[in-house]
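Welcome! Here are a few exercises to work through with the model open beside you. Try each task before reading its solution.

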Amino acid sequence: MALFDRFWRGSRFRAKRRGRDQLPAGFYPLYESMRPIDPDEDDDLPRRPRASSKPDFAAWDAKLGLVDEALHVEQRRRLRWWQRDYWRDRSRLWWTGRGIMAALALFIVLVGWLTVTAPLSKSLEPIAAAQVTLLASDGTPIARSGAIVEEPVKVADLPPHVVQAFLAIEDRRFYSHWGIDPRGIARAAWTGYGGGSTITQQLAKFTFLTPEQSLSRKAREALIAFWLEAWLTKDEILERYLSNAYFGDNQYGLRAASLHYFYRQPEKLRPEQAAMLAGLLQAPSRYAPTKHYDKAKARMDLVIKSMVDVGYLTSAEARALPDPRIDVRTRDDNLPTGTYFADWALPLAREGMEASYSRQVLRTTLDARLQALANRVVARAPLGGAQVALVAMRRNGEVVAMVGGRDYGKSPFNRATQARRQPGSTFKTFVYLAALEAGWEPDDTIPNTEITQGSYRPKNARGSYSEKITLKDAFAQSSNVAAVRLLQAVGSDKVIRTAREFGITAPMAEGDPSLALGTSAMTLMELTAAYAGIAANEYPVEPHAFPRGERSWWEWLTTRSDSLSRGTHEDLEEMLRAAINRGTGRNAVLPIANFGKTGTTQDYRDALFVGYAGDLVVGVWIGNDDNSPLGGVTGGSTPARIWRDFMRGALKIEAAPRPKADETPDPEGPIQQLDIEGGEIPLGQDGATLSIDGNGVTLSQDGVPVELRVDQGGVVVKPVPSPSPTPP
């Protein structure tokens, strides 16, 4: 309180003098108010003089300066990098330090990027996949594919004139530049010959980059060239370049080209031979001496001229060089470079194959006899203008024969592994299998009447309906309405789950009633493998082109494999056999146990038959590439007969001998009419069928627009009924 009292007294004292001295009223100065207070002091007494009555303004100015400086520092600290004042008043030392740090960070990022995208080890690998020869299961060569690649060369082992030929025409200052040669670029632009890119840049281009022409690619090329120059010696760069460059005729690397064109190792090349090989690098296909010797000779003369200009050869030595003689030795090149099976198998083989300069010979699962049989059967089938596909595999997924079309030379598109088409009624197998697993029995009945409600109203083939039908008969006759009703009763989710368990990956929509009729597109390979799982009663089955050894205990433990119960599997096979023996697949009947299902898509766009007998599972597809209708071909006609003919030859099934006439027939008992079951009876292999019903007999044949009818009214010739829009 004494402090406030002092301030108040001072204010009153100055107010008394205001009228006399005209001084403004107020309080004591701050330094006076901070003087220690003496409680016994009387303000009326005269004060004692102090040592100094003048304040120390310099000290206060210094302290205020510190406050201003602290305030300035705090204001700068609160600035953000996007504000302009943040970058003002930065010293040169600050900028220099930050620049060094940024350059160091950029260098680290660049080294990391090059390590990932341009590893030095990649420059040691061949740029083209080495040649692979595929063998059939019996060791017969069936196809050869890939580039001719030989062992890398060593610069120290090559004659000087071999290296000099390449340096003279491609990169004269190779041993003196750092990956990029501005003088070489200018010389190439001025003279019109000689490479503008250095050997290091060319190595970077065909080893790490694509052949696109763009500024960004050239920038990356230069960057990688510096990278290679920093980590490799000049000889190492040259060796990798010569060992990977393309020389035409599918030859990669100097050693392969030397053996191909001159049949000698590169260590023994003559100067004129080396000059011709060096001249090929600019345009290998255009200058290949096996096809264009005159162009190769003209290019060789340009290389020799460059060697004279550099000083590698004298003019006299250049004039004395003879024209090289091409010596291409005949090799075992009569194998096809591609087949439907090879095109499918080679990518699978290269997935686990390390890059190598050595040629590979791989044994496949293909059976040469079965492949030849498949080709013959397909060639003689009455296909018209349609395409065909056939896949044959063992129950464990080993593919033993494959036909992907009528003619590989005209169309290498593989319709067995690449074409995704609707399977039609062959998919019904999984609908009925889901029902069997849900507790249904083959003798259970389901309505077979026409569907008259709802937006989706499928029809049965030839308009045949009944009040009730057993599952076994519905499957054999390929009833569409019964399959749709069974799908709805079992649940589309259960059907989809069953198909997925057997390896079918095609998109399938839940709640879609058309799923029962096979409207989800898939490959023939995928569908056949699913049937292989049924045949082996172990699924899923993975189709493969190369033999697999017995599974180890770890693979057996970690690999998912399921099987059907014995009862369910027997019921399903009973239905599959009924479909062949007395159903839509009677054209595929064999004198041994056989199982299968026909399939025909809407408007007869696809016709299929998939089944198994013995140890083989075979799928056959017929259709047009433009998805146009086949003109009445069903899965039970041509595809079923192709399947039967292939199976007869594959399983070596001979035709049953004719019964011998009995000279002493037993006359006991009255002669009775044979019991003939109604339906279609196949007659031979030309598609003729005999249909018997309660009123007469009808004779028809595939491709013939009329049919012969014999009934109580006599013999009648009439047109073939128009096909149903939703055949089995």
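**Exercise 1: charges over rings**

The charged end of Lys597 sits 5.6 Å from the centre of the Phe475 ring, over that ring. This is a predicted model, where local features need pLDDT of at least 70, side-chain atom pairs count only at pLDDT 80 or more, and totals for chains, interfaces and linings use all residues. Residues are numbered from 1 along each chain as its sequence is written, and side-chain values use heavy atoms, with hydrogens and water left out.

Task: find which ring has Lys234 over its face.

Solution. Start with the criterion: a charge sits over a ring if NZ of Lys or CZ of Arg is within 6 Å of the ring centre and within 35 degrees of the ring normal. Then look at Phe174: Lys234 lies over its face, at 4.6 Å from the ring centre.

**Exercise 2: the neighbours of β1**

Task: describe how strand β1 (residues 132–135) pairs with β2 and with β5, and where its side chains point.

Solution. Strands (E, at least two residues) and helices (H or I, at least four) are DSSP runs, numbered from the N terminus; two strands pair if DSSP finds at least two bridges between them.

- Step 1: β2 (residues 141–145) pairs with β1 in the antiparallel sense over 4 bridges, with Thr133 opposite Arg144.
- Step 2: the hairpin of β1 and β2 has 5 residues between the strands, and Gly139 there takes a positive phi near 95°.
- Step 3: β5 (residues 360–363) runs parallel to β1, joined by 4 bridges; Leu362 is the bridge partner of Leu134.
- Step 4: Val132 and Leu134 point one way, Thr133 and Leu135 the other, and all are buried (under 20% relative accessible area, with exposed over 50% and partly exposed in between; 1.4 Å probe, protein chains only).

**Exercise 3: aromatic pairs**

Task: classify the pairs Tyr246–Tyr252 and Phe502–Tyr539.

Solution. Rings of Phe, Tyr and Trp (its six-membered ring) pair if their centres lie within 6.5 Å; planes under 30 degrees apart count as stacked, over 60 as edge-to-face and the rest as tilted.

- Step 1: the structure holds 12 aromatic pairs.
- Step 2: Tyr246 and Tyr252 are tilted, at 4.6 Å centre to centre and 35° between the planes.
- Step 3: Phe502 and Tyr539 are stacked, at 4.0 Å and 20°. This pair links distant parts of the chain, 37 residues apart, and both residues are buried.
- Step 4: ring pairs link Phe502 and Tyr539 with Phe427, Phe430 and Tyr531 into a cluster.
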